[in-house]
Amino acid sequence: MVRINREQWPQLVWLFALGLLGVILLLAGSLPGKQKGRSSPPEPAAAVTLDDGLVAAEETLELRLKTILAQICGAGAVEVRITLAKGPLYDFAVNTNTSDRRTEETDDGG
């Protein structure tokens, strides 16, 4: 058994206090909540592993919607993407305007 004399008590108290402070800091660092300066790394894009039935349903819906939207007057070329299940997919739309200008001169002077 280890005997501690009066001169060693203050050192032992400080050692115990520092050890307790270290344990508290470790526990505080693992608590959920706001953590400044730390950000979780972005999750890698998950590979799409959909069964054939779901992929076929997506393609069928895309084709039907593309056909309907192409019939709208002035719609032009239409591209459609439908994603079922597996979370949201953000695909921002791009509005493109194309025009065809032709200049025909009918006079002989040019």
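Visitor: Over which residues does pLDDT stay under 50?

Guide: This is a predicted model, in which local features need pLDDT of at least 70 and side-chain atom pairs count only at pLDDT 80 or more, while totals for chains, interfaces and linings use all residues. Residues are numbered from 1 along each chain as its sequence is written, and side-chain values use heavy atoms, with hydrogens and water left out. The pLDDT (the predictor's confidence in each residue, from 0 to 100) stays under 50 over residues 46–50.

Visitor: How many contacts beyond four places in sequence does the model have for residues 46–50?

Guide: A contact requires heavy atoms within 4.5 Å. For residues 46–50, the model's count beyond four places in sequence is 5.

Visitor: What pLDDT does the protein chain average?

Guide: A score of at least 70 is reached by 73% of the residues. The average over the protein chain is 76.

Visitor: How many helices does the protein chain have?

Guide: Helices (H or I, at least four residues) and strands (E, at least two) are DSSP runs, numbered from the N terminus. The protein chain has 0 strands. Its number of helices is 2.

Visitor: What percentage of the residues count as buried?

Guide: The protein chain has 110 residues. The share that counts as buried (under 20% relative accessible area, with a 1.4 Å probe and protein chains only) is 5%.

Visitor: What percentage of the contacts with a separation of 6 or more comes from residues 24 or more positions apart?

Guide: The contacts considered are those in the protein chain with a separation of 6 or more. Among these, residues 24 or more positions apart account for 30%.

Methods:
Buried means under 20% relative accessible area, exposed over 50%, partly exposed in between (1.4 Å probe, protein chains only).
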